[in-house]
Amino acid sequence: MSDSNPMHCVGNRVCNIDGSGTLSCFHFLLLCPLPPAGMENETEVSEFIFLGLTNVRGLQCYLFALFLLLYMASVLGNGAVVAVVLAEPRLHTPMYFFLGNLSSLNIFYSTVTVPKMLAGFLSGHQTISFTSCLAQLHFFHFLGSSEAMLLAVMAYDRYVAICNPLRYTLVMSPQVCLLLAAATWATGFLYALMHTVMTSQLHFCGPNRIHHFFCDIKPLLSLACSSTRLNLSLLHIVTGIIGMSLFIITLLSYLYIISFLFLKVLSRESRRKAFSTCTSHLTVIALYYGTVMFAYMGPSSGSSKGEEMIITLVYSVMTPALNPFIYTLRNSEVKYATRKFVTRKLFPERN
């Protein structure tokens, strides 16, 4: 038997001397099990190759410039929001506490995927190890699911502030805000951990080219040699339950807000102010929930690879870059606090 075969058979040799003095030997070979059909030449995949958005070199240069600008806008814009919220005492309220959490999430969220994608545009060829791929998958879904829950918490905060203002400071106390924020981050971590552990148990033995610009669940499952039925069931069922629950909480919060404003608030100016604090949040919700639910709750084969990547780009790259502008352009308090913060830093002698 060849030494290259990873499975070894056991043999036994028996010798006997008959009456005439002749030595007779017999060699017995025990039957060894054959490897499963199709597994003889399979090896574990140690790294993956991203096919990315395009393989046209000239187009990659333009995409590099575009996504570099979007990434810088995300980091600088969200970083500015966090700095202003921390520095300005007038913004130390539950609404801006959660906005600071959202801005921090957006910085980390875009950092999980964009720098690796930019490196691929520069090199023209991008690989990632299996361990790094799992880490990227984990942090992407950890931060993404945390953002979805945080948006629902922010909707509830607006409901309490507008519909029950007299009890707002009691209901949304600092302790409650910290608890809600911690629960949001912890639940997102556990949700991502479930998918990471389940994906790590799969057997990858053949193709290693991922039709995406980062390690996402569906593209990875399409490369697995073992059964992915449980993984897909968890993805659709758990993500569907969490997504729909958060969407219902958000929807009910704003239905109560709208009915309260039209039935209980008589002043047109008061309605305008209340709606102005909700418009930016509703815009972010529409961008985020719409794309995420289409990407993960829809059928795996219902859309092309290009469509899936474009949808992912909207909520993972474009939305984090747009959020600071969406929340500040229509918010007079944030604009005033930002001007005050910049003036204090650039012209300290005026204070």
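# Getting to know a predicted model

Biologist: Is Met-244 buried, partly exposed or exposed, and what is its relative accessible area?
Modeller: Met-244 sits in helix H7, which covers residues 229-263. Buried would need under 20% and exposed over 50%, with partly exposed in between. Met-244 is therefore partly exposed, as its relative accessible area is 34%.

Biologist: Now for some helix packing. At what angle do helix H3 and helix H5 pack?
Modeller: Two packed helices are described by the angle between their axes and the distance between the axes. Here helix H3 takes in residues 130-163 and helix H5 residues 174-200. Their axes lie 7 Å apart, and the angle is about 145°.

Biologist: And what is the hand of the crossing where H3 passes H5?
Modeller: The two helices in question pack with their axes 7 Å apart. Where H3 passes H5, the crossing is right-handed.

Biologist: How many nonpolar, polar and charged residues does the contact of H3 with H5 have?
Modeller: Sorting the contact of H3 with H5 by class, there are no charged residues. What the contact does have is 11 polar residues and 14 nonpolar ones.

Biologist: On to charges. Which residue forms a salt bridge with Lys-340?
Modeller: Side chains of opposite charge can pair when their charged atoms come close. The structure holds 2 salt bridges. In the one with Lys-340, the closest N and O atoms are 3.8 Å apart, and the partner is Glu-88.

Biologist: How many residues apart are Lys-340 and Glu-88?
Modeller: Lys-340 is in helix H10 (residues 332-346), while Glu-88 is in the loop between H1 and helix H2 (94-123). Lys-340 is partly exposed at 39%, whereas Glu-88 is buried at 1% relative accessibility. The pair links distant parts of the chain, and the separation is 252 residues.

Biologist: What is the distance between the closest N and O atoms of Arg-158 and Asp-157?
Modeller: Arg-158 counts as buried at 9% relative accessibility, and Asp-157 is buried too, at 1%. Arg-158 and Asp-157 form a salt bridge, and their closest N and O atoms are apart by 3.1 Å.

Biologist: Where is Phe-213 found?
Modeller: Phe-213 counts as buried, because its relative accessibility is 2%. Phe-213 and Val-114 are 99 residues apart in sequence but 8.8 Å apart in space, C-alpha to C-alpha. Phe-213 is found in the loop between strand S5 (209-210) and helix H6 (217-221).

Biologist: Last one: does Tyr-62 count as buried or exposed?
Modeller: Tyr-62 is in helix H1, residues 57-87. The cut-off for exposed is over 50%. At 64% relative accessibility, Tyr-62 therefore counts as exposed.

Note on methods
Residues numbered from 1 in each chain as written. Predicted model: local features only at pLDDT ≥ 70, side-chain atom pairs only at ≥ 80, totals over all residues. Heavy atoms only, no water. Helix = DSSP H or I, 4+ residues; strand = E, 2+ residues; numbered from the N terminus. Buried < 20%, exposed > 50% of the residue type's maximum accessible area, 1.4 Å probe, protein only. Axes fitted to C-alpha atoms, helices over the stretch in contact; angles between N-to-C directions. Left-handed = near helix turned anticlockwise from the far one by under 90°. Nonpolar A, V, L, I, M, F, W, Y, C, P; charged D, E, K, R; others polar. Salt bridge = Lys/Arg side-chain N within 4 Å of Asp/Glu carboxyl O.
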